[in-house]
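I opened the model and went through it loop by loop, then strand by strand. My notes follow.

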Amino acid sequence: MHILILGTAAAEGIPGLFCDCRVCTIAREVGGRECRSRTSVMINDDLKIDFPPDTFYHTVRYGLNLRNLRLLLFTHIHEDHFSVPELHYSSNSFVSQPLENPITVAGSAQVITKLSEQLDLGHVPYNLQTMEPFIPYHFGRYTVTPIIAHHAPGLIAYNYIIEESSHKLLYGCDTGWYDERTWCYLEKEQLDGVIAECTKGRIVGGYDGHMGVDEVIRLKSRLENSGAITTGTQVVTVHYSHLGGMTQSELEQELSKQGIAAGYDGLQVTI
Ligand SMILES: [Zn+2]
Ligand SMILES: [Zn+2]
Ligand SMILES: [Zn+2]
C-alpha cells in the first residue's frame, strides 16, 4: 500500500493566514517542510481520505488526476476535511468528458446527510454510502472499517482501518484519546502502519478532542503492548496546529526518539 501524505495541517494551515506566532514566522521564513496544507492522504491512486480546501493545490503540487479516484472516505464534517463546494467540479458543467465511473463517497450518517443536502446529486457522479462503525465494508480491492474517534461533542468522527493485499493501515485523524470501545476493537487488530494526528504538539492536557506528542507516544506504546503493532511498525504523525508550538524540525527531534516519524506535506509511506 502506497500512501502519499498530501497535507499535514489542522484547520487554518501553517503559516496560519493571520498568525505571527513563532511557528508561523519560521514557516514563512524557512518554507519547505515547515509550511503545511490541510490534512489529507492519497492511498495508491484511487483512494483518498477527506477533501480539504487545499485539494486543488494538492492536485497541482503532486500531479494528481482525481478522475482515477474510486473511493473517497470522509472522517467528519469539519471544514478543513470536508470542502463540499469543491466536489461539484466533477459535474458535467466543469469537465470536458463525463467521468467514466462514479466515485464512491463514504462516511458516517452525518457525513452522508450533509452531502445529500449540499450536493446537487442529480449532476455529480457520486455513489454515497453510509457506514456504521466497527463493520468492515468492501470497496473493490479495499476493506474499510470505520472506528469511532473521540473528537467533538455532538459530532460523529470516524477513523479508519484500511486493508489492501493483507496490509492494514490505521488512519487516526481527527481524534483525541480513544474511548474504551474503540480501544477494545483496535487492540485485537494487527496493523502494518499507523497515521496519527498530533494537533496539539507540545501542549499537555487541554482540549481532549485532539492529541499531542504525549498522547501519540502513549498511543504507540498501548498499540505495541496489545500486539496490534510491533516496535518496527511505521507510525507517522499528521494534522498539526501552529498553536501546538512545534516546528517540523522540533517535531522530528522529539518524535524520532520514540520511533515515530513526524509527517510533512509530500511524505510518502509504503506499508
Ligand atoms: Zn481537522
Ligand atoms: Zn501561528
Ligand atoms: Zn475536526
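**Entry 1: a loop residue**

I looked up Ala152 and found it in the loop between strand E8 (142-148) and E9. Helices (H or I, at least four residues) and strands (E, at least two) are DSSP runs, numbered from the N terminus. The model is predicted: local features need pLDDT of at least 70, side-chain atom pairs count only at pLDDT 80 or more, and totals for chains, interfaces and linings use all residues. Residues are numbered from 1 along each chain as its sequence is written, while chains are lettered from A and ligands numbered from 1 in the order in which they are written.

The cut-offs: buried means 20 or more other C-beta atoms within 10 Å of the residue's own, exposed means 12 or fewer, and partly exposed is in between, with C-beta atoms placed from the backbone. I then listed contacts (C-beta atoms, placed from the backbone, within 7 Å). Leaving aside neighbours within four places in sequence, Ala152 touches Ala157 and Gly209. I also took the C-alpha separation of Ala152 and Gly201, which are 49 residues apart along the chain, and got 18 Å.

**Entry 2: the whole chain**

I counted 7 helices and 14 strands in the protein chain. The radius of gyration is 18 Å, close to the 18 Å that the globule rule gives for 271 residues, so the chain is as compact as a globular protein of that length. That radius is taken over C-alpha atoms, and the rule is 2.2 Å times the number of residues to the power 0.38. Along the principal axes, the C-alpha atoms fill a box of roughly 50 × 45 × 35 Å. Buried residues make up 44% of the 271. Of the contacts between residues at least 6 apart in sequence, 65% join residues at least 24 apart.

**Entry 3: the sheet**

I traced an open sheet of 7 strands with mixed pairing, in the order E7-E8-E9-E10-E11-E12-E13. Strand E7 (137-139) and strand E13 (261-262) are at the edges with a single partner strand each, so one side of each has no neighbour in the sheet. Two strands pair if DSSP finds at least two bridges between them.

I followed E10 (residues 167-172) next. Strand E9 (residues 158-164) runs antiparallel to E10, joined by 5 bridges. Glu164 has His167 in E10 as its bridge partner. On the other pairing, E10 and strand E11 (residues 193-197) are parallel over 4 bridges. Tyr171 bridges to Ile195 in E11. From E10 the chain passes through helix H5 (residues 180-186) to E11, a right-handed β-α-β crossover. Right-handed here means that, with the strands pointing away from the viewer, the path from the first strand over the helix to the second runs clockwise.

E11 also pairs in parallel with strand E12 (residues 234-238), over 5 bridges. I noted Val238 in E12 as the bridge partner of Glu197. E11, helix H6 (residues 213-226) and E12 form a right-handed β-α-β unit.

**Entry 4: burial and core**

Why is E10 largely enclosed by the rest of the structure? I found 5 of its 6 residues buried. For E11 the count is 5 of 5, so E11 is largely enclosed too. Both faces of E11 are covered: Gly193, Ile195 and Glu197 are buried on one side, Val194 and Ala196 on the other.

I then checked the largest nonpolar core, which has 67 residues. Such a core is a set of buried Ala, Val, Leu, Ile, Met, Phe, Trp, Tyr and Cys residues joined through C-beta atoms within 7 Å. Among the members touching the most others are Val41, Tyr160, Tyr171 and Ile195. Beyond four places in sequence, Tyr171 contacts Val41, Ile49, Asn159, Tyr160, Ile162 and Ile195.

**Entry 5: backbone checks**

I found a cis peptide bond between Ile14 and Pro15, omega about 0°. Pro15 is in the loop between strand E1 (2-7) and helix H1 (22-30). Cys173 and Asp174 are also joined by a cis peptide bond, with omega about -5°. Asp174 sits in the loop between E10 and H5.

Which residues other than glycine did I note with positive phi? Asp50 has phi near 70°, and Ser165 has about 50°. Asp50 is in the loop between strand E3 (47-49) and helix H2 (55-62). It counts as buried, with 25 C-beta neighbours inside 10 Å. Ser165 lies in the loop between E9 and E10 and is exposed, with 7 other C-beta atoms within 10 Å.

Methods: Contact = placed C-beta atoms within 7 Å.
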